[in-house]
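Please read this briefing alongside the sequence and the structure shown below. The points after the lead paragraph are grouped by topic.

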Amino acid sequence: MTAILGRPEVGTGRVVWFTGLSGAGKSTLASALYAELVARGERVELLDGDAVRENLSKGLGFTRADRDTNVRRIGFVAGLLARHGVTVLVSAISPYADTRREVLGGLPNATEVFVDAPLEVVTQRDVKGLYLKALAGEIPHFTGVSDPYEAPEAPDLHLRTDRISVEDGVRRLLDHLGYGA
């Protein structure tokens with residue numbers, strides 16, 4: 001899980017792993033960074049946790065074992081792409097710190113980005129009302145409410161999305177990754 005400053009060498013990609021609660025802004029930031037990198041002519045792919053769960057991990061539930069399997073599958077695909085020179089943006093809750101460390105440790109040029117917003121903020125952003133249902137006990141195993149989310153202790157980049165705009169987040173990501181704004 002080493003932060004790589006500056007662009008990776010030709011033929012070597014990187015993985016930028018966005019982790020955080022549902023509604024924290026992972027997909028929003030990853031999508032905005034994706035658009036910026038595509039506009040710059042970079043080879044980039046976006047692996048969104050919801051899309052991967054639907055297409056690659058269908059049938060998995062929300063037990064710890066299933067969540068860990070999902071994260072490992074995402075990491076496997078990200079690693080394949082990165083080894084072929086692609087910058088891979090992963091947007092996945094990935095709630096367990098030890099599984100994140102394991103997966104990120106096996107990826108080339110991995111950067112962990114903690115996309116952080118307080119529970120009150122993500123609850124307000126939740127248009128489906130899932131947090132309110134989980135808080136009322138109607139949804140079991142809901143990350144951040146009835147299941148744990150283990151925040152990274154030392155992420156490569158920590159973005160508080162309740163305090164910054166998407167544009168500022170993308171600028172910080174570009175700077176951190178060595179692309180410059």
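**The sheet and its surroundings**

Within strand β5, L157 is the bridge partner of V113. The model is a predicted one, in which local features require pLDDT of at least 70 and side-chain atom pairs count only at pLDDT 80 or more, while totals for chains, interfaces and linings use all residues. Residues are numbered from 1 along each chain as its sequence is written, and side-chain values use heavy atoms, with hydrogens and water left out. Helices (H or I, at least four residues) and strands (E, at least two) are DSSP runs numbered from the N terminus, and two strands pair if DSSP finds at least two bridges between them.

**Sheet order and pairing**

- The open sheet is built from five strands in the order β2-β3-β1-β4-β5, and their pairing is parallel.
- At the edges lie β2 (44–48) and β5 (157–160), each of which pairs on one side only.
- From one strand to the next, the twist averages 20°, where angles run from 0 to 180 degrees between N-to-C directions and axes are lines fitted to C-alpha atoms, for helices over the stretch in contact.
- Strand β4 (residues 110–116) runs parallel to β5 and is joined to it by four bridges.
- Five bridges connect β1 and β3 in the parallel sense, and W17 has V90 in β3 as its bridge partner.
- β2 and β3 likewise run parallel and are joined by five bridges, with D48 standing opposite S91 in β3.

**Burial of β3**

- Strand β3 is mostly covered, since five of its five residues are buried (under 20% relative accessible area, with exposed meaning over 50% and partly exposed in between, for a 1.4 Å probe and protein chains only).
- T87, L89 and S91 point one way from β3, whereas V88 and V90 point the other way, and all are buried.

**Two residues in context**

- E45 is found in strand β2 and counts as partly exposed because its relative accessibility is 34%.
- Leaving aside residues up to four places away in sequence, E45 touches Y34, L81, V86, T87, V88 and L89, where contact means heavy atoms within 4.5 Å.
- The C-alpha atoms of E45 and V15 are separated by 9.6 Å, although these residues are 30 residues apart along the chain.
- D68 has its place in helix α3 (residues 64–82) and, because its relative accessibility is 9%, counts as buried.
- With residues up to four places away in sequence not counted, D68 touches Y96 and T99.

**Helix α1 against helix α7**

- The axes of helix α1 (residues 26–39) and α7 come within 9 Å and cross at roughly 60°.
- α1 and α7 are therefore oblique to each other, given that angles under 35 degrees count as roughly parallel, over 145 as roughly antiparallel, 65 to 115 as roughly perpendicular and the rest as oblique.
- The crossing of α1 and α7 is right-handed, a term used if the near helix is turned clockwise from the far one by less than a right angle, and left-handed if anticlockwise.
- On the α1 side, T28, L29, A32, L33, E36 and L37 meet V166, G169, V170, L173, L174 and L177 of α7.
- The residues of this contact between α1 and α7 divide into nine nonpolar, two polar and one charged, where Ala, Val, Leu, Ile, Met, Phe, Trp, Tyr, Cys and Pro count as nonpolar, Asp, Glu, Lys and Arg as charged, and the others, Gly among them, as polar.
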